[in-house]
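Please keep the sequence and the structure in view while reading.

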Amino acid sequence: MNLVPVLVTGLFAGGVSCAAVQGGLLTGLITRQRSAVGAKVPLAESNSPGRARLGDDLAPVGGFLAGKLLSHTLLGAALGALGSAVQLSVSSRTWLQIGAGLLIIVFGLAQLGVPGFRRIVVEPPAAWQRTVRSGARLRTALAPAILGLLTVLIPCGVTLSVEALALTSGSVWWGAATMAVFVLGTGPMFAVLGYAARVAATVWRGRLALATGVLVVGMGFYTLNGGLELAGSPLAANRLADRFLGNSAPADFTAATVDAGVQTVVVTAHSNAYSPRNAHAQAGVPTTLLVKTSATQGCIRSLVIPSLGIQQVLPSTGETRIDLGVLQPGRLDYTCGMGMYSGTVTVD
């Protein structure tokens, strides 16, 4: 298995996507740590050598990445052990993403100090704090390390795609290596976020906590909406927009052809959209969905048709045929693996 594409995915798509979902939690935690110590720590640090101050500023993000690396590597090993014997079902993916979205929203509300959520904080047990005698730097890394461990419960969409890759590896070692390389790829983005939060917290204090809290809640709803898209829920943003704003695309009658009694619907998966967004097809005809890709990257390569329980990993470049059976009048929705991009086949 070539792990270079996994590293590149972590550096770019994973770094941005995971930072959007989990970065707000990290920066919020760092901000609370910084605010809790008051003005004495910044003064002491100002008298410390530059390298020492840099180490203090990077300690929390180092703990976070260490915890994240450990939990995701263990998860990758477990997924690799399961191998091809078990495939994450569409319903499992759906509920996993809905659960992740709700969990992110809860953390965001706690970060904003909303009544009823304020006590939900990520902190090491008091006994751990007393056990650590190696100085303030290690103590400030403990809570972020625990948060890093817990991020395995709140995956971003790109992480779910990489987890699917680890699952299909069929090897404990390759599964672990896949997840470890991916997390290492996301490291630079989290390092920048963590360092910026550590430095800015002394200046912005409450305002930074408020901003990151709002960001976390927003990303929670974004993740939740992806799960609703996977579930085919009428509450998904895309369907609400179609219903109330008349935002639905007109059906494309050129996407389907019938030859020898078999209908073929052709869709192109670009890196940021399926085209056409709404393809027209005839009812009562055996139908094949032909999905074309050309240097396509990202979660859009994980195609899910919720109503049929179909999920298919598309090649970066090539053609993939998916048997849809005999279509009945109505609407057949499909989406990417994280519910971010979607398309429709209108059947009549």
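Is T293 buried or exposed? In this predicted model, T293 has a relative accessible area of 6% and is therefore buried, since the limit for that class is under 20%. The residue has its place in strand 5, and a polar atom of the T293 side chain lies 3.5 Å from the backbone oxygen of S316. Apart from neighbours within four places in sequence, T293 is in contact with A269, L314, P315, S316, T317 and G318.

## The nonpolar cores

The largest nonpolar core comprises 25 residues, and those with the most contacts inside it are Y274, L289, L303, I305 and I322. Among the elements that contribute two or more residues to this core are strand 2 (262–269), strand 5 (286–293), strand 8 (318–326) and strand 9 (330–336). A second, separate core has 23 residues, including L29, L65, L147 and V181.

For L303, once neighbours within four places in sequence are left aside, the contacts include Y274, L289, V291, I322 and Y334, together with Q311, Q312 and T335.

## The aromatic pair

One aromatic pair is found in a search of the whole structure. The ring centres of Y274 and Y334 are 5.1 Å apart and the ring planes stand at 80°, so the pair is edge-to-face. Y274 belongs to strand 3 (residues 274–275) and Y334 to strand 9, and the pair thus links distant parts of the chain, 60 residues apart. Both Y274 and Y334 are buried, and both are in contact with L303.

Technical notes
Residues numbered from 1 in each chain as written. Predicted model: local features only at pLDDT ≥ 70, side-chain atom pairs only at ≥ 80, totals over all residues. Heavy atoms only, no water. Core = buried A, V, L, I, M, F, W, Y, C linked by side-chain atoms within 4.5 Å. Buried < 20%, exposed > 50% of the residue type's maximum accessible area, 1.4 Å probe, protein only. Helix = DSSP H or I, 4+ residues; strand = E, 2+ residues; numbered from the N terminus. Contact = heavy atoms within 4.5 Å. Phe/Tyr/Trp six-rings, centres within 6.5 Å; stacked < 30°, edge-to-face > 60°. Polar contact = N/O pair within 3.5 Å; in protein donor to acceptor, adjacent residues only side chain to side chain.
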